[in-house]
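Please examine the structure shown below. The questions and answers that follow go through it part by part.

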Amino acid sequence: MSTEPPRPPFAAATFRQILLQRLLFSAGLVFVTIGAIGMVVPMMPGTIFLILAAWCFAKSSPRFEAWMLNNRYLGPSVVRWRETGAIPLIAKLFAFASFIGSWTGAWYFGAPIYVLWGLGILFAGLAIFMATRPNG
């Protein structure tokens, strides 16, 4: 008698793979849209969303990943990230300023205390991560 759990049928595994692929592709589209907006809107980070989009496309659509990496506006920061793991100093400074501005705005407009704590923890974690990356 085997103690191995039964495997799902082939069709079920394929359905899950297709569903995951489509979810990742959709998330990639959302991230590339937000990232593109962030490239032109002051105080809104764009690169992090483009990095997330590239990761999603790498898992779901190599064609879209190649398009994004070769795009003259969207690609360079992602390619630089993949090659060196570096974040330009000016991008770090803008990100830190946007963290402070976002938290201050949430406080000023009366966000609940749990939101302020959540944002504070999130922003502190992101700031620590960014500060430990090399300047690129």
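Q: How many salt bridges does the structure hold?
A: A salt bridge is a side-chain nitrogen of Lys or Arg within 4 Å of a carboxyl oxygen of Asp or Glu. This is a predicted model, in which local features need pLDDT of at least 70 and side-chain atom pairs count only at pLDDT 80 or more, while totals for chains, interfaces and linings use all residues. Residues are numbered from 1 along each chain as its sequence is written, and side-chain values use heavy atoms, with hydrogens and water left out. The number of salt bridges in the structure is one.

Q: Which residue meets Arg 82 in a salt bridge?
A: The N to O distance between the two side chains is 2.8 Å. The pair links distant parts of the chain, 17 residues apart: Arg 82 lies in helix 4 (residues 75-84) and its partner in helix 3 (residues 62-70). Helices (H or I, at least four residues) and strands (E, at least two) are DSSP runs, numbered from the N terminus. The partner of Arg 82 is Glu 65.

Q: Is Glu 65 buried or exposed?
A: Buried means under 20% relative accessible area, exposed over 50%, and partly exposed in between (1.4 Å probe, protein chains only). Arg 82, at 43%, is partly exposed. Glu 65 has a relative accessible area of 16%, so Glu 65 is buried.

Q: Which helix has the highest mean pLDDT among the elements of the chain?
A: pLDDT is the predictor's confidence in each residue, from 0 to 100. Over the chain the mean is 86, and 89% of the residues reach 70 or more. Among the elements, the lowest mean, 86, belongs to helix 1 (residues 10-40), and the highest, 93, to helix 3.

Q: How many helices does the chain have?
A: Read along the sequence, the pattern is α-α-α-α-α-α. The chain has zero strands, and its helices number six.

Q: What percentage of the residues in the chain is buried?
A: The accessible surface of the chain comes to about 9,500 Å², and carbon and sulfur atoms hold 73% of that surface. These areas come from the Shrake-Rupley method with a 1.4 Å probe; for residues, only the protein chains shown count as cover. Of the 136 residues in the chain, the buried share is 24%.

Q: What distance does helix 6 reach from its first C-alpha to its last?
A: Helix 6 (residues 113-132) has 20 residues.

Q: Which helices do the buried residues of helix 4 pack against?
A: The buried residues of helix 4 are Gly 75, Ser 77 and Val 78. The helices against which they pack are helix 2 (47-60) and helix 3.

Q: Which residues is Gly 85 in contact with, leaving aside its neighbours within four places in sequence?
A: Gly 85 lies in the loop between helix 4 and helix 5, where it takes a positive phi of about 70°. With a relative accessible area of 12%, Gly 85 is buried. Contact means heavy atoms within 4.5 Å. On that basis, the residues in contact with Gly 85 are Arg 80, Arg 133 and Pro 134.

Q: What distance separates the C-alpha atoms of Asn 135 and Ile 90?
A: Asn 135 is placed in the segment after helix 6. Beyond its neighbours within four places in sequence, Asn 135 is in contact with Ala 86, Ile 87, Leu 89 and Lys 92. Asn 135 and Ile 90 are 45 residues apart along the chain, and their C-alpha atoms are separated by 9.0 Å.

Q: Which residues does Phe 64 touch, not counting those up to four places away in sequence?
A: Phe 64 lies in helix 3 and is partly exposed, with a relative accessible area of 23%. The residues touched by Phe 64 are Phe 25, Leu 29 and Phe 57.

Key: The expected span of a helix is 1.5 Å times one less than its number of residues.
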